[in-house]
Amino acid sequence: MTDRDLVYPPSVTADRHPSDLAEILERVLDKGIVIAGDIKIDLLDIELLTIRLRLFISSVDTARKAGIDWWETDPALSSRAAKDALAQENAELRERLHALESRVDSDERLSAVGATVAEEGADR
Amino acid sequence: MTPPEASTLTYAFAVCHGGALTALAALPGLDTGASVRTLTAGPLTAVVQDVPAAGFGEEALRRRLSDRDELERCARAHHTVITAAAALAPTVPLPLATLYLDDDRAREALGERETSLLTALDRIAGRAEWGVKVYAPAGPPPPAPEAAPADGPASGRAYLDRVRTRQRSREQHHTQTLRAAERVDTAVRSLAVAARRLRPHGVEVTGKHRTHVLNAAYLLDLGRERELRAALASLRRDETDIQIELSGPWAPYSFADGGIADGGLTDGGTADERRTSGRTPS
């Protein structure tokens, strides 16, 4: 092993790029080996904490546990949501169609009534 | 409430094997005034620091990490020490906030895990972790302009068609980017001794303009950086639908549990193992 090949930057504090922080947290929070400490924050606690901070940790499972499920309703991210969106659209269109049909119906009835009145008038 | 017995706790950053770690003393660590030091436990060396019990007890720690700035400060400090140690010796990183009541307890904990730690250290010696992230830019522009509601019921069918087409092309686009991500994974995997999938980041990090489709970590021999970069350059030329980002070298955070990919380690599952899918290159 040649240690010289492996030159890590001695400090990363100058770089405040948010995704850089997300990547560091991703590793520092729940990667690495766990050797039961006497005092520790539950990994799950840290996760929930971090979700609350809206930094990044939003795995499907843990985030859902925390009640964060926006992706399930975003058509861009979920094919199920896409289908739902289409179904919803369909339902709305049906409703509009129904409304239009009943309007047409009542228009027809009105004109029918008008015609009858006209006919009755003519008969007289 | 009984006062704590000791005024300081032992905060552990990492476990190393061999190497000259004296340079670490120059690091501020968690900036508690105490210097970063090493603690010998049999064949292992822990990188530790004394921290005030008042500031790092369970409750204090929880409060501390609830504060975004403080969390960032601690995470960066923790990471900096691990990174520096990994440059000097094979290093197993410990998660943020690994604390022992005193040095003896730390030694004891390390002793209990000596065999598995040595296995892990052996595995990561001479290797580094690289992160590869693949993003899909937000979906393609819809084939037809957004249906104007003013079109009215007359064009209802056309509107539905447009919606369907848009949806289909979005799904196709997503499938294509997932396949492209798989090709990236396969290519990098072929250079690595181990690979792991990490959780993709949410929009809070990526921004709405792109979706994270692959978040993977690879353990590579130290000499293979050039090959890795060449492979990614070639992938970037071929896969024009996706963005590929490389980060590293990292201390082997994702591979610290040693033989996951080999199935060689049976320490009882950590939460980590349930969440990530460690896959073995075939």
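Tutor: A salt bridge is a side-chain nitrogen of Lys or Arg within 4 Å of a carboxyl oxygen of Asp or Glu, and we shall apply that to this predicted model.

Student: What makes E182(B) and R197(B) a salt bridge?

Tutor: Their side chains come to 3.1 Å, N to O, and because the cut-off is 4 Å, the pair qualifies as a salt bridge. E182(B) belongs to helix α6 (residues 156-189) of chain B and R197(B) to strand β7 (residues 194-197) of chain B, 15 residues apart.

Student: Why is R197(B) called buried, and why is E182(B) called partly exposed?

Tutor: Buried means under 20% relative accessible area and exposed over 50%, with partly exposed in between; R197(B), at 16%, therefore counts as buried, whereas E182(B), at 37%, is partly exposed.

Student: Which residue in helix α6 of chain B also pairs with R197(B) of strand β7, and how far apart are the two in sequence?

Tutor: That residue is D185(B), so the pair ties together parts that are twelve residues apart in sequence. The closest N and O atoms of R197(B) and D185(B) are 3.3 Å apart, and D185(B), at 2% relative accessibility, counts as buried because the limit is 20%.

Student: Why are α2(B) and α3(B) called roughly perpendicular?

Tutor: The axes of helix α2 (residues 58-66) of chain B and helix α3 (residues 68-86) of chain B cross at roughly 100°, and angles of 65 to 115 degrees count as roughly perpendicular, so the term applies to α2(B) and α3(B). The contact involves R64(B), L65(B) and S66(B) of α2(B), together with R68(B), E70(B), L71(B), R73(B) and C74(B) of α3(B).

Definitions and conventions
Residues are numbered from 1 along each chain as its sequence is written. Chains are lettered from A and ligands numbered from 1 in the order in which they are written. This is a predicted model: local features need pLDDT of at least 70, side-chain atom pairs count only at pLDDT 80 or more; totals for chains, interfaces and linings use all residues. Side-chain values use heavy atoms; hydrogens and water are left out. Axes are lines fitted to C-alpha atoms, for helices over the stretch in contact, and angles run from 0 to 180 degrees between N-to-C directions. Helices (H or I, at least four residues) and strands (E, at least two) are DSSP runs, numbered from the N terminus. Angles under 35 degrees count as roughly parallel, over 145 as roughly antiparallel, 65 to 115 as roughly perpendicular and the rest as oblique. Contact means heavy atoms within 4.5 Å. Buried means under 20% relative accessible area, exposed over 50%, partly exposed in between (1.4 Å probe, protein chains only).
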